[in-house]
Structures are given as structure tokens and as C-alpha cells.
Amino acid sequence: MGGQSRRSMSICVVVCGVLLLMSTASVGWEQKHDYKLALSKSLLFFEGQRSGKLPPNQRLTWRKDSALRDGQEGGVDLTGGYYDAGDNVKYSFPMAFTATMLAWSIIEFGDGMAEGGEWINAAETLRWNTDFLLKATANLPNTVYAMVGNPNSDHNCWERPEDMDTPRPVYAVNTTHPGSEVAGEIAAALAAASIAFKNYDAAYSWRLLSKAKEAYYFANKYQGSYNDAIGHAVCPFYCDFSGYQDELAWAGAWLNKATNTKKYQKHVDSAIRKIKLMEEVTQNYYIDTEFSWDNKHAGLYVLLSQVLINFHISIGQYKKEAQTFACGVLPESPTRTIKYTPGGLLFKTEGCNSQVVGSLSLLALIYAKHVRLARERITCGNTKFPAWKLVEFAKNQADYILGTNPTGMSYMVGFGPKFPQRIHHRAASLPSINAHPSFIACGNGFSYLDNPNPNLNELTGAIAGGPNTGTDHFDDDRRQAAQTEPTTYVNAPFVGVFAYFVNHKK
């Protein structure tokens, strides 16, 4: 589960590590992995995270139906969707970001998915998510459902989702207790998904876009943080640390793209002005290499650089911010702000570092595509870089995750000869319903948490949190959640990264 530990800032890496990174860059560039297989497995993971009534074509058959009464405590249907990580709670905020990343991956690199034979699986993965988000926004214009389940009681159990008997309260934001970040991210997700489905299912695409507009109106009109509305439930797990103006700008930009208009740009500009003003007041400047379920800054500027150029609107400031992101991650950049491990892994947080690796790698590929189409270069101080340097960066990160690293371990479960065997995941570690049909009570599962043996079920495609000390060291221990817990928003951007490399070398 996401929490404050996931946002801990990284420690500095010694100079020799940076030099080793430079020497391994070309090796990573030459390394060849089976990206079609990585793409396939990265999508399969989501079937292990499904909540609700499973479909007949469910491929991870050790998972069964679960949480079939979700929403009843609030008088609504909130079945379906995804469990966020290794537990059994559903959070609309990170789930919506997961959907946005899946949709953006399909929009930009759907050709790689088609070539890899995975486009339909990607679309079904996205739709399982957006179907839930439509339920979460069914009571607009007054209410958005932000969460199902009690995280504290859930964490007091080590229990299969199929056996779940903990309370399933429903938490909502409304006109008097708003949550602009969760409503804004849902609006962004639905708008992005409407583009992804436009040529595949026009009626569903229209429905998504209509609801995205409603969600954005609600988020923008009734401004406030869900920290204040339902913080007792979402904090410390998914507290909003960066404020909600970035989600309002992000959603507005996606609606511009989805509607092919500049109708929402005045709202985008207003939100960004408020972000900049707050930075000046607090002297707390957001780093342009931040991009996650909580913080949209780098992604926002890359998206705006894409969208506004179509309307012949000046993108000077937004382009500058996007270039700052690119310069911040490129290893050879004189203005680089990101740290790397000695083995070459981008290292930013001690909690689930893979989420940063995936999101920034996807963003680098999308921005590289934009720079190429614009026939531009990336300017970092007095140094200029071609777009393919961003591709090289993303490929080195992808290759590291897939096994080109000092440990020789793939951090994707089921990929390669060596991968994590003890991920922090209730359903994967406990015996399946097939193997053990009898009920396993809440407290009786902790013996499986503490058991040093490998998990009983393979959650194929799950990407672990990965090394978290800046030294490439990894503990394959399910009690070390920061290193071994998978999440939907780790896998989602990697879907796009692997899809790109299915049919691109540079």
C-alpha cells in the first residue's frame, strides 16, 4: 500500500556510482530482452489485482470472485476495479492514475501493443478500471466515491480477498466536503481513456468523455482536498502531499486533448498560476522530475507541450518546464537532478522506487516522440541532446528492471530465470481457493506472511518495488514491503514502456 514511506527522498549516490552508470549506459543499450513477453506479463498482472466478479476469460485462475458487496454500506454498487497493491482496499485516486497511465500508453504506443498481440488485453485492462471509475462517479454532480474498505482493519489481517470479512465502508467526497485531487484525476483518466477507446468503441468513448466533463466540473467548482474531507481514512496511505491544483491542471489538459479544443485552457493556466504562487509563498518548489499518483507536474508540462502546439498557442513556459524534466533525468546532462545507483537504476525514493522508474521512463519516451516530431533538440545548459538520448535512458531503466543489473535479477515476477519469489502480496502468498477451499480467518494468515518459503501463487508480471537503498541491494522478503510490494501504478506506465520497445530500437 502506498504511504509516506514511498515518498521518502533518496540518498545521494557517490561519484563512482555515476561513473559506473556512464560506463554501463552503452551496455544497457545493446542488451536485448523479450519486450513482447514483458508487455504480455505486465498486463497479466492486473488480472491478479481484480476485485469483483471475475470474467470467464480470467487467465490467472488461482484468483476467484471477491468483494461482491462493495458499496452496499453506502447504498451504491462499487464492485469491480483493482486492489491497489498487496492488500484488499480500493482507492479511487491511485486507481484513476493507473487508468490515465494505461490510456496514455495505448494512445502513444498502441502500435507496439498491436504488434505484440496485446492491444485487446490492454484495452480490457483499462476498461476494468474505467468501469469502476464510472461507478465511482455515478452520483455526480454531487458525490464522488473515493475509497472502499477500512485500511486499518485490512492491515490487521493477512487474508485472501476471496475470504475478506473486514468492514467495507464507503468513503465519498461531495460539495461540502470536496476532494478535487481524486475527482480531478478521475476526470483525467476518463478523458484519456475516451481517446484510447475512440476508434474501438465509440459509444463507450462518448460515455467516458461525458463523465470526465462532469467530474472536472465538480472538481473545479467545489475545490478542496480530500485530506480534509476523508483524511482519517486515506492518510497516511494516500495522503495528497502536492495539493490538488496539479490534478485540476492535468485534467483540464486531458480534456483539451480529448475534445480537441482549448476550452479548458483558462482553467489550466489558472491552476498553474496558483501552483507557482504557492511555491513562491512557501519557498517549496516542486521538482520537475516529480510524476506519480500524487504529483503530476512533469507529466503536465509534457502533455501541455503536446496539446497546445496543435492550437498554435505559445508553449514557451511549458516547453521550458518539459525540457527541465528531460535535463533532470538524462545521465549526461549538466543540469541533472536525478540520482542513480551504481548499477544504473534511477533512484528517488526509499519506498517502492519502481513507481518512479516506470512513470519517468514512460514520460521520457512520450517527450522524445514529441521532440522528434517537432524536429527539436533538448537543451540542457550549453549542451544539446537528440531525442534518442531520452529513449536510451528509458531503455536502460527497462532493461535494469528486466534483469540487466548487478544482481542479475528481473524485478518482474515470472520474467527470466531469476525473479522475486516472496512479493508482499496477500493473495499470492496464501494458498489459493483451488488448493485450500476452506476459509482462512483474518489472523490465521500471518504465518504465511512470516514464512520464509516462496509464495504459493505466482502473480505473473508483478513488478516489485525494487532496490531501495541506492546501492542495488534487494531483499526478497515479503515483510519488506518497500522493496517487494507490487502496485497497479508501478505496472501501468511500464505497459507503455515495454510496448514502445516491441517495435522500436531508438
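Trainee: Is D472 buried or exposed?
Mentor: D472 counts as buried, because its relative accessibility is 5%. Buried means under 20% relative accessible area, exposed means over 50%, and partly exposed lies in between, with a 1.4 Å probe and protein chains only.

Trainee: Before I go on, what kind of model is this?
Mentor: This is a predicted model, in which local features need pLDDT of at least 70, side-chain atom pairs count only at pLDDT 80 or more, and totals for chains, interfaces and linings use all residues. Residues are numbered from 1 along each chain as its sequence is written, and side-chain values use heavy atoms, with hydrogens and water left out.

Trainee: Back to D472. Where is it?
Mentor: D472 is in the loop between α16 (446–450) and α17 (481–484). Its phi is positive, about 70 degrees, although D472 is not a glycine. Most residues other than glycine have a negative phi, and most peptide bonds are trans.

Trainee: What about phi of C352?
Mentor: Phi of C352 is near 55 degrees, again a positive value in a residue other than glycine. C352 lies in the loop between β5 (346–347) and α13. C352 is buried, with a relative accessible area of 1%.

Trainee: New topic, helices. How many helices and strands are there?
Mentor: The protein chain has 18 helices and 7 strands. Helices (H or I, at least four residues) and strands (E, at least two) are DSSP runs, numbered from the N terminus.

Trainee: Why is α2 described as largely enclosed?
Mentor: Because 12 of its 14 residues are buried. Among them are Y35, L39, K41, F45 and E47. The buried residues of α2 pack against α3 (92–115), α4 (119–136), α14 and α18 (488–502).

Trainee: How far apart are the end C-alpha atoms of α2?
Mentor: They are 21 Å apart, which agrees with the 20 Å that the 14 residues, 35–48, should span at 1.5 Å a residue. The expected span is 1.5 Å times one less than the number of residues.

Trainee: Which residues of α12 are buried?
Mentor: They include Y318, E321, F325, A326 and C327. Their cover includes α10 (265–282), α11 (297–308), β4 (339–340), α13 (354–373), β6 (378–380) and α14 (388–401).

Trainee: What comes between α12 and β4?
Mentor: A loop, and R336 is in it. R336 is partly exposed, with a relative accessible area of 24%. The C-alpha atoms of R336 and A326 are 8.6 Å apart, while the two residues are 10 apart along the chain.

Terms used: Contact = heavy atoms within 4.5 Å.
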